Amino acid sequence: MARLYMNEELHQFGLAWLEKASHDLETARRLTEGYMPITDVAVYHCQQAAEKSLKAMLVVRGLPVSKTHDLMALLSQCLEFVPDANHWIDAASILTPYATHYRYPTGDPDPDLAVTAEALKHATELYAYAASHLGVTPEGG
C-alpha cells in the first residue's frame, strides 16, 4: 500500500500519534486482565486509541487535527482521501460514546467484559488499518 504522507516530518508526526494510540491499546488490554478488570477505563482507552489512529492518518496528509472525540467526524475527514475508510463507520459509532460516557458517574453499570472485548477488537483493528496507511507494521496493536 502506498504511503499517504507528504514528507518525512509529517510521517514522523503521524508515527508519534500511532505510538500514543498503541499505548492506549496496551493500557486497555492491561485493564481487562486479572481478577478485577477495570472495564470503564478500558473502553475509554479503546476510544482514545481509535481517535489517535484516525488523527495519525490526518496529520500525515498535513491536515489540521481538531480537538474532538467524535470518531465519525474524524472518519469523515479521512473519507476524503481514503474511500475505503467507510468500513469503519460501525466501529466509530460504537467507540465514540466511550470518550465521555464512563468517565464520570452516570448511574449506569460499567461495561461488561464482552462489550469491552468488542471495543478492544474495534480499536485494535482500526489502529492496524491506520498503521498500514502509514506504511508500518503495527507493534503489539
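## Met-57 and its neighbours

Let's start with one methionine. Leaving aside residues up to four places away in sequence, Met-57 touches Cys-78, Phe-81, Val-82, Tyr-129, Ala-130, His-133 and Leu-134, where contact means heavy atoms within 4.5 Å.

A word on the ground rules: this is a predicted model, in which local features need pLDDT of at least 70 and side-chain atom pairs count only at pLDDT 80 or more, while totals for chains, interfaces and linings use all residues. Residues are numbered from 1 along each chain as its sequence is written, and side-chain values use heavy atoms, with hydrogens and water left out.

## The nonpolar core

The largest nonpolar core has 37 residues, and Met-57 and Leu-95 touch the most other members. Such a core is a set of buried Ala, Val, Leu, Ile, Met, Phe, Trp, Tyr and Cys residues joined through side-chain atoms within 4.5 Å. Buried means under 20% relative accessible area, exposed over 50%, and partly exposed in between (1.4 Å probe, protein chains only).

Helices α1 (8-32), α2, α3, α4 and α5 (113-133) each supply at least two residues of this core. The largest share, 9 residues, comes from α2. Helices here are DSSP runs (H or I, at least four residues), numbered from the N terminus.

## Helix α3

Which residues of α3 (residues 71-79) are buried? They are Leu-71, Leu-74, Leu-75 and Cys-78. Seen down the helix axis, the buried residues of α3 fall within an arc of 100°, so they line one face of the helix; the arc is taken from the directions from the axis to the C-beta atoms. The cover over these buried residues includes α2 (39-59) and α4 (89-95).

At the start of α3, a side-chain oxygen of Asp-70 comes within 2.9 Å of the backbone nitrogen of Met-72.

## Aromatic pairs

Rings of Phe, Tyr and Trp (its six-membered ring) pair if their centres lie within 6.5 Å; planes under 30 degrees apart count as stacked, over 60 as edge-to-face and the rest as tilted. The count comes to 3 aromatic pairs. One of them, Phe-13 with Trp-17, is edge-to-face, at 6.3 Å centre to centre and 70° between the planes. These two residues are 4 apart in α1, and therefore separated by about one helical turn. Phe-13 is partly exposed because its relative accessibility is 43%, and Trp-17 is partly exposed at 21%.

Tyr-98 and Tyr-102 have ring centres 6.1 Å apart and planes at 40°, so this pair is tilted. Tyr-98 is buried at 10% relative accessibility, and Tyr-102 is buried at 18%.

Conventions:
Polar contact = N/O pair within 3.5 Å; in protein donor to acceptor, adjacent residues only side chain to side chain.
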